[in-house]
Amino acid sequence: MVRKIVIAMLVAVLAFGPAVALLGSAALNPAATTACLPGGEELTVGAIPDTLSATTSDGHPVTLDRTQLTHAATIITIGARVDGVGRDGVVIALIAALTESRLRMLANTGAYPESGDYPNDGDGSDNDSLGLFQMRPTAGWGSVADLMNAEYQSAAFYGGPTGPNHPSPPGLLDIPGWQDMDPGEAAQAVEVSAYPDRYRAFQPVAETILTTLTIGSGEQPVPEAGRVVFPLPAETWIKTSDFGLRIHPITGEVSFHSGTDYAATEATPILAAADGRVASTDTTPIYGGLIVIEHTIDDQPVATAYAHIWPEDIHVSPGQLVTAGQHIGDVGSAGQSTGPHLHLEVRPGGPDQPPVDPVPWLAGHHPDSLDTPDQTPGRPCTPRADPTPAPTLVDPVGRARAARRAVAGRA
């Protein structure tokens, strides 16, 4: 009886310990610029990453560089200073700039040769349109000098009594009932484009940008996940280590395994288990490259963690919204690892809460979460018909990567 009590206490202590590690890895960047949205919601633009990847609502990947994200930070900062804009208005502005210019300050030397004399990110050719929002001097938005300035264009897009274009052409605040419109529809109401349906596809990209670049008490909750999927593609994995007490394969000591291990060939895509927001990406001595995603499932917060990724093979950024099944990284062997595999953790309540066994959790949240009805945890994947040998765990891609890392001293 005493031995059972000691083991139970050990499990409780060890289960809580890793939770703190994940919480620490989710720390956000220090704040750089602060403004308050109307109603007291604080919106702080923090450190700007070198790149940010997101996906449009129709499934097209978008990768933005630091210059584009700097323009986005300007749009956010100006919006936070204008009374009546709010977070929704900032999202609409980002949608418009993404659609019109992909967040680039575009000159138009064909219509205005002097526009090329101002700092710019390229040369556009849409009529006489200029800048981030492709505004036209002939439509009354401002002079060439005005429209080659990101702060001016942002203020003009928001409009309202303090807008530099007041009272015409109308900015967002001048559109009656814009708050009740679809965000894409509201962007079109300002831009008056010949292609009105193209804006709404960029809403998830805009929301990812806003979440990534800002830190604030008004951060929106993680949307409810629509489904749960298995985090590796069909017929690519073998379950090699269960959740719970085990003999550690490296230290040889009894320890608590806070997740489940799935061996797979190196570079096998890792998939987000559900819709959610990336809480953190980090590299630690134990986990190696680590992605933590926060979800809302059945109205409850849940965090999933994906470990042992080579850092260069992490394909998402903190704050990014992801969808179930989205490719977020590649299987690797970084950190304390004996070979390429995915270490998966599930933490109901969030990154700072104790983990649970991922296998029953996955099975309990989606009937197809084990990938195929014929697939059994702990056994090699087998196809439904014409059985073939179990997948090998080294392929040409894996061998090539292993060779490169051996040369670099990381094997």
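## Two cis prolines in a loop

P169 sits in the loop between helix 5 and helix 6, and a cis peptide bond with omega of about 0° links it to S168. P167 belongs to the loop between helix 5 (150-158) and helix 6 as well. Here a cis peptide bond joins H166 and P167, with omega about 5°. Helices (H or I, at least four residues) and strands (E, at least two) are DSSP runs numbered from the N terminus.

This is a predicted model, where local features need pLDDT of at least 70, side-chain atom pairs count only at pLDDT 80 or more, and totals for chains, interfaces and linings use all residues. Residues are numbered from 1 along each chain as its sequence is written, and side-chain values use heavy atoms, leaving out hydrogens and water.

Now look at helix 3 (residues 86-101) and helix 6 (residues 183-191): they pack at an angle of about 65°, with their axes 9 Å apart. Helix 3 is therefore roughly perpendicular to helix 6 (angles under 35 degrees count as roughly parallel, over 145 as roughly antiparallel, 65 to 115 as roughly perpendicular and the rest as oblique). Axes are lines fitted to C-alpha atoms, for helices over the stretch in contact, and angles run from 0 to 180 degrees between N-to-C directions.

## Positive phi values

L103, in the loop between helix 3 and helix 4 (144-147), is not a glycine, yet its phi is positive, near 60°. Another non-glycine residue, A267, has a positive phi of about 80°. You can find A267 in the loop between strand 9 (260-264) and strand 10 (269-271).
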